Amino acid sequence: MGIFSVSMLNETIRSLLVNDPKLCEVWVRGEISNLKKHSSGHYYFTLKDRGSQISCVSFRQTNRNLKFDPEDSMAVILYGSVDVYTVRGQYQLKVMDMRPDGIGEMFKAFEQLKKKLDAEGLFEQIRKRSIPRFPARIGVATSPTGAAIHDIINILSRRYPVHVLLAPCLVQGDAAAQSIADSIELLNKADVDVIIVCRGGGSLEDLWPFNEEVVARAIFNSRIPIVSAVGHETDYTIADFTADLRAPTPSSAAELVVPDRIELKRFIYSMFQRLEYATNRKIVDLTTRIDHLSDSLKPERLQEIIDQRYQRIDELVIAMEKDIKYDLGSRKMLLQALAGRMNAVNPLNTLERGYCIAMSDNLVVKSVNDVKVGSRLDLRVTDGNIICDVMQKVEIENGKQEEEDK
């Protein structure tokens, strides 16, 4: 039989333990003691009962998923595997999950109620209301003696002083759920802009009143927006799902419901600077325009503008007169030509040569057939009219004359 080194012996023991199916997945109930939370995020502690104890290690990746904050003297149920820390030859339980003792039934009740209320629409995002940006009065439903109300008042006083109306209520124990619901109803009758429902951290049992249906329905029926701030950042309750806004802690709730007055002052100052710059820029632009207009309206400048306009008018008149004279000359020649042509055919010129125009009943007589013997004729000559009666008509036909006597 060979001789083991210490390391070989510890590794052999470890191999036997980790490969034992009975020990690779175990649930163990006990009480936490000597809890050390390392800066690395790992937890080291002892799990004990009345007769024995075992060393335990819970690594950071497991701790990130825990639904509660482990504390000394807390009764828990651990799920993990038996391992050996070979450096010290110490066997230990490597934790893969951790729950408060008795939490199984509470988790079951939590999931059942969550599923029920979700089906009824209490968690729908569309019904959640926005939180007023500048509230004047804030209602708080919490214990009057807890740290939560003091944290909220301190932060509000520093960030944005407002009136705080406290509706005292129980936040732990069997009567707490109804007390919380009553405080919410009371604040709905008061003149507040937003309500914070909160308490500090604790075990799941401590926070359980905020998982009760009566609290969820009071939040849902509130006419005033509600911020839920229960426990620590990793804690989630039914109240968180129902509220209009969830804050990870009561202090965070105070920061969420009011602005930071320092930031507001900076913003206002920045806007004032931008407004001042824009105003000054506008004044400079308008001043430049006024100066330009003033220069344009000085007497000597005005007279110069008027003289320029007069000169332009003179140029236009000269051009117009030139065009008119040319047009009149050409039109005069055309008129004379037309007048000559008209004179050539003017019957009055014919009269001047000894001819006359015979008219009967205002009609020009062109044929002997246009008149009858005894009718009256109007003979128009160059200097007047001659009125006479027809005594006789003579027709010329084939060189022969035919007389028609009266």
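**Pocket, cores and aromatic contacts in the predicted model**

By class, six nonpolar, five polar and two charged residues make up the lining of the largest pocket. Here Ala, Val, Leu, Ile, Met, Phe, Trp, Tyr, Cys and Pro count as nonpolar, Asp, Glu, Lys and Arg as charged, and the others, Gly among them, as polar. The model is a predicted one, so to speak of local features takes a pLDDT of at least 70 and side-chain atom pairs count only at pLDDT 80 or more, while totals for chains, interfaces and linings use all residues. Numbering starts from 1 along each chain as its sequence is written, and side-chain values rest on heavy atoms, with hydrogens and water left out.

Back to the pocket. On a 1 Å grid over the protein atoms alone, a pocket is an open set of points where a 1.4 Å probe fits, with protein on both sides within 12 Å along at least five of seven lines, and a lining residue has an atom within 4 Å of a point. The largest pocket comes out at a volume of about 300 Å³, a volume being the space filled by probe spheres set on the points, which are joined across faces, edges and corners. Its lining counts 13 residues, with Y44, C56, R88, Q90 and Q92 lying nearest the centre. At least two lining residues come from each of strand 1 (26-37), strand 2 (43-48), strand 3 (53-58) and strand 5 (90-100). Helices (H or I, at least four residues) and strands (E, at least two) are DSSP runs numbered from the N terminus.

Zooming out, the protein chain carries 12 helices and 16 strands. Of its 406 residues, 32% are buried, where buried means under 20% relative accessible area, exposed over 50% and partly exposed in between (1.4 Å probe, protein chains only). Among contacts (heavy atoms within 4.5 Å) between residues at least 6 apart in sequence, 59% join residues at least 24 apart.

Next come the cores. A nonpolar core is a set of buried Ala, Val, Leu, Ile, Met, Phe, Trp, Tyr and Cys residues joined through side-chain atoms within 4.5 Å. The largest one has 23 residues, and I180, I184, I195, V197, F210, I219 and I226 touch the most other members. Helix 5 (176-188), strand 8 (194-199), helix 7 (213-220) and strand 9 (226-230) each put at least two residues into this core, and helix 5 gives the most, with five. F210 touches V171, I180, V197, C198, R199, V230, T237, I238 and A239, leaving out residues up to four places away in sequence. There is also a second, separate core of 20 residues, I149, I152, I155 and V257 included.

On the aromatic side, the structure holds four pairs. Rings of Phe, Tyr and Trp (its six-membered ring) pair if their centres lie within 6.5 Å; planes under 30 degrees apart count as stacked, over 60 as edge-to-face and the rest as tilted. F123 and F241 make a tilted pair, at 5.7 Å centre to centre and 40° between the planes. Since F123 sits in the loop between helix 3 (103-119) and strand 6 (137-142), and F241 in helix 8 (residues 238-242), the pair ties together parts 118 residues apart in sequence. F123 is buried at a relative accessible area of 13%, whereas F241, at 26%, is partly exposed. Together with Y236, F123 and F241 form one aromatic cluster.

A few single residues are worth a look. In strand 1, S33 is buried at 10% relative accessibility; apart from residues up to four places away in sequence, S33 touches F45, T46, K48 and D72. N34, also placed in strand 1, is exposed at 56% and has a positive phi, near 55°, in a residue other than glycine. Another positive phi, near 65°, belongs to N362, found in the loop between strand 11 (357-360) and strand 12 (363-364) and exposed at 72%.

H232 occupies the loop between strand 9 and helix 8 and is partly exposed at 37% relative accessibility. Leaving aside neighbours within four places in sequence, H232 contacts D69, G201, R246, P248 and T249. For H232 and T249, 17 residues apart in sequence, the C-alpha to C-alpha distance is 5.5 Å. R64, in the loop between helix 2 (60-63) and strand 4 (75-85), is exposed at 57%.
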